[in-house]
Amino acid sequence: MTQPVENSLSRRTFLKASAQATLSTAIIGGFPTIVPASVLGKNAPSNRINIGAIGTGRISRGHDMPGVWQYDNALIMAVCDLDSKRANEAKTLVNGFYTKKTGKDYDGVRVYTDYRELLNNKDIDAVLVSTPDHWHAPIVIDAVRAGKDVYMQKPASLTIAEGRMMADAVKQSGRIVQVGSQQRSSEQFRYAAELVRNGRIGQLKTVYVGLPGDPAGDEEPQMPVPKNLNYDMWLGTTPEVYYTEKRVHPQSGYDRPGWLRCEQFGAGMITGWGSHHIDCAHWAMNTEHTGPVEIWGKADFPKSGLWDVHGIFRTEALYENGVRMIVSNEIPNGIRFEGTEGWVFVSRGDGAVTASDPVAKQNAAKKLDASDPKLLTSVIGPNETHLTVSKEHHGNWLESVISRKEPIAPAEIGHRSCSACLLHQAAMKLNRKLYWDPKKEQFKNDPEANKMLSRTQRAPYAIKAMASNKAR
C-alpha cells in the first residue's frame, strides 16, 4: 500500500517536471505520453496521481475506473458512493484489480459515503465524477475549488445555468477538467471532423444527428428507502419525491439505472447520447464555443408512468454560419455531414460503453462512410487543419494533469455541447421556434423559454451554498 504524501501540490509539480524532463521526445498530438512506471519508479508514491472515484455505479465500474487504473502513474486510492453497498463493492473491485496487478494482497482503498469528505483528503489529487446527471455540476464546482483536477461524465450539467456556473468555476480555479465526451478520442470521429473542416465535402450545409430512443415505463409504487442509501442527498438539488427502486438504481447488480429516464435528474437521450454526437458535430463545424441561433422541433412525452423523458422526437437548429442541424431518434445512430460536394457519416460502429446501453442492442452501422470511398483515404496535408490527437480519453486527461495543458474535451466546450442539447429539449417542450443568443446564453425576447435555463434548487444542496463549502 502506498503511503500518503503531505502536499498534493508538490506531487503535481514533481509529476510535471518528471514528464517534461523524461518524455520531451515522446509527444502525441501536443501532449506528453503517459509516464510509465519504469520511468517514475513503481514504489515512489509522490510520482503518482492519486485519484478518488465519486459515484461507483455502472459507468464507473465499466468505464471510468478501468479507464484510469490501466495507467501505472494513476492510483485509485478512494471510492465514494451515497449507496454504502456500492461503495464497499467498489473498494473490493479496485483492491482486487491491484492485487491481481501486483501479485500481492492489496487493501489500500478508502471508502467514503459523502464526497465532501473525500475532497477534504489532501492526498487526493484528482477525482472521477461518475454520478447521475443532476450531481455533475455541483460536485465539479466543489472539486475544483478544493484544488482537485476532474474527469467528469457527460452531460456537463442538468441546466444551462448550472453548466455556465461550472465552466466559470473551472476557469477561475485553473484546474484540469476533462468531460467524458470520449468520442473525441476515437480516430474515426477526429478524421471525419478533419475531412469536414478541410472542405472535402465542399461547403457544409446540413448535419444529421441520430440518437437512440428510450421507452416509457409503468407507474411504480413507493418503497422503503434501503438502509444503505442516503436518498435525501441522492436527490440533491432536485425536489423531494418518494423512493422507488426504478427511480434510482438497482439494489442488486449494475444494470442500466432508472434515473436516466426521469426528467428530474436528466433530459433523456438528447443529453445522454446527444452530448456525444452534438459535441463531435460542433468539432467538425468549428462551433465549439458557440451554439445555434434558432431551434425548433417536437417530441412525444409519456402521459403516465414513472419514466417521463422524451420519446420519439425530431428537432432542428440553425447556426450563424448557415449550417442546419437535424436531430432525431429516427435517424441512424451517428452523425452525417452533408456538403455541396458529398457527405461523410461517422458512428461508433459496434462500439458501446456498456452492454446495457440501448445502442448496444441495435444493428451496428459503419464506423465511417462517405459518398465517395476515395474520401476515406484522403490525406490531411501538413498545411491543413489538424485536430488534437488523443489515443484514449482517460489517458489524455492524465497527460493534461501532468502537463497542465488543456485536455481534448475541456469544461467550456463540454458546457456548450450540453447547452445545445438542452436547447433542443426546450424546443421539444415548448413545441415552437426559439431564438437563442449564444453570447449572452439567453433566449431572445422569450421569458417563458428563459425560465427553462435554470431550476429551483432544494436546500441544503443548492450549488451556491455547496460551492462555498470549500474543503477544510
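P292 is buried, at 0% relative accessibility. Buried means under 20% relative accessible area, exposed over 50%, and partly exposed in between, with a 1.4 Å probe and protein chains only. P292 sits in the loop between α11 and β10. Helices (H or I, at least four residues) and strands (E, at least two) are DSSP runs numbered from the N terminus. Leaving aside residues up to four places away in sequence, P292 touches A317, L318, Y319, A420, L423, W436 and P438. Contact means heavy atoms within 4.5 Å. P292 and A420 are 128 residues apart in sequence, yet their C-alpha atoms lie 7.1 Å apart.

The model is predicted, so local features need pLDDT of at least 70 and side-chain atom pairs pLDDT 80 or more, while totals for chains, interfaces and linings use all residues. Residues are numbered from 1 along each chain as its sequence is written, and side-chain values use heavy atoms, without hydrogens and water.

**Salt bridges**

Side chains of opposite charge can pair when their charged atoms come close. The structure holds 27 salt bridges. A salt bridge is a side-chain nitrogen of Lys or Arg within 4 Å of a carboxyl oxygen of Asp or Glu. The table gives some of the pairs.

| Pair | N to O distance |
|---|---|
| D114 and R116 | 3.0 Å |
| E288 and R197 | 3.3 Å |
| E316 and R324 | 2.6 Å |

The E288 and R197 side chains meet in a salt bridge. This pair links distant parts of the chain, 91 residues apart: E288 is in the loop between α11 (274-285) and β10 (294-299), and R197 is in helix α8 (residues 187-197). E288 is buried at 11% relative accessibility. R197 is partly exposed at 24%.

The other two pairs also have their accessibilities. D114 is buried, with a relative accessible area of 15%. R116 is partly exposed at 26%. E316 is buried at 10%. R324 is partly exposed at 31%. Elsewhere, a network of salt bridges links R164, D168, E412, R416 and E441.

**Helix pair α8 and α11**

Two packed helices are described by the angle between their axes and the distance between the axes. For α8 and α11 the angle is about 35° and the axes are 7 Å apart. Axes are lines fitted to C-alpha atoms, for helices over the stretch in contact, and angles run from 0 to 180 degrees between N-to-C directions. From α8, F189, R190, A193, V196 and R197 meet C280, W283 and A284 of α11. By class, this contact has 6 nonpolar, no polar and 2 charged residues. Nonpolar covers Ala, Val, Leu, Ile, Met, Phe, Trp, Tyr, Cys and Pro; charged covers Asp, Glu, Lys and Arg; the others, Gly among them, are polar.

**The sheet**

An open sheet of 6 strands runs in the order β5-β4-β3-β6-β7-β8, with parallel pairing. Two strands pair if DSSP finds at least two bridges between them. β5 (110-112) and β8 (177-179) stand at the edges with a single partner strand each, so one side of each has no neighbour in the sheet. The twist averages 25° from one strand to the next.

Strand β7 (residues 149-152) pairs with β8 in the parallel sense over 3 bridges. V150 stands opposite V177 in β8. Helix α3 (residues 58-69) lies across β3 (49-54), β4 (74-80), β6 (126-129) and β7, at about 150° to β4. Helix α12 (residues 393-403) also packs on the sheet, touching β3, β4, β6, β7 and β8, and its direction makes about 165° with that of β7.
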